Amino acid sequence: MLRDELKKRILILDGAMGTMIQRYGLCENDYHGHPFETCPKELAGNNECLNLTRADIIKAIHKEYIEAGADIIESNTFSANRISQAEYGCDEHASIMAFEG
């Protein structure tokens with residue numbers, strides 16, 4: 001199906017997720033919601049946490065891109081892997097971040 005569409009026209013992808021997230025002016029508390037309340041490390045900037053703590057924002061960003069005409073939406077999962085999340089002490093949550101992203 002995707003290949004068929006590509007033969008017909010140029011498909012439009014969404015844009016930068018990080019830039020869109022920055023527009024919300026989030027604070028540390030936005031990243032430290034459930035299940036990260038007891039995480040001792042600073043999580044601001046770990047945008048994959050928002051898949052769990054502020055899913056409303058991630059969904060709103062995806063909706064904005066769709067409304068702007070994007071045909072393809074990427075998930076918010078760039079660093080949703082155990083290696084990247086280990087830096088924040090969130091490696092045990094990587095798979096659910098990827099699933100919810």
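Okay, Leu-43. Setting aside residues up to four places away in sequence, Leu-43 touches Glu-28, Tyr-31, His-32, Phe-36, Cys-49, Tyr-88 and Cys-90. Keep in mind that this is a predicted model.

Leu-43 also turns up in the largest nonpolar core, which has 18 residues. Which of them touch the most other members? Those are Ile-21, Phe-36, Leu-43, Cys-49, Ile-61 and Cys-90. Helix H2, residues 17–22, and helix H5, residues 55–67, each bring at least two residues to this core, and the largest share, 4 residues, is from H5.

Now over to Met-97, which sits in helix H7, residues 94–100. Buried or exposed? Met-97 has a relative accessible area of 0%, and the cut-off for buried is under 20%, so Met-97 counts as buried. Leaving out residues up to four places away in sequence, Met-97 is in touch with Phe-36, Glu-48, Cys-49, Asn-51, Leu-52, Thr-77, Ala-80, Gln-85 and Cys-90. Ser-79 is 18 residues from Met-97 along the chain, and their C-alpha atoms are 9.1 Å apart.

Zooming out for a second. We've got 7 helices and 0 strands. The C-alpha trace spans about 50 × 25 × 15 Å along its principal axes. There are 101 residues, and 34% of them are buried. If you take contacts between residues at least 6 apart in sequence, 61% join residues at least 24 apart.

The structure has 8 salt bridges. One of them pairs Asp-71 with Arg-9, at 3.0 Å from N to O. That pair ties together distant parts of the chain, 62 residues apart: Asp-71 is in the loop between H5 and helix H6, and Arg-9 is in the loop between helix H1 and H2. Both are partly exposed, Asp-71 at 36% relative accessible area and Arg-9 at 37%. They also belong to a salt-bridge network that links Glu-5, Lys-8, Arg-9 and Asp-71.

Two other pairs to look at. Arg-54 and Asp-56 meet through their side chains, again at 3.0 Å, N to O; Arg-54 is partly exposed at 23%, and Asp-56 is partly exposed at 45%. Then there's Glu-67 with Lys-63, where the closest N and O atoms are 3.9 Å apart. Those two both lie in helix H5, 4 residues apart, about one turn of the helix. And Glu-67 counts as exposed, because its relative accessibility is 60% and the cut-off is over 50%.

How values were computed
Residues are numbered from 1 along each chain as its sequence is written. This is a predicted model: local features need pLDDT of at least 70, side-chain atom pairs count only at pLDDT 80 or more; totals for chains, interfaces and linings use all residues. Side-chain values use heavy atoms; hydrogens and water are left out. Buried means under 20% relative accessible area, exposed over 50%, partly exposed in between (1.4 Å probe, protein chains only). Contact means heavy atoms within 4.5 Å. A nonpolar core is a set of buried Ala, Val, Leu, Ile, Met, Phe, Trp, Tyr and Cys residues joined through side-chain atoms within 4.5 Å. A salt bridge is a side-chain nitrogen of Lys or Arg within 4 Å of a carboxyl oxygen of Asp or Glu.
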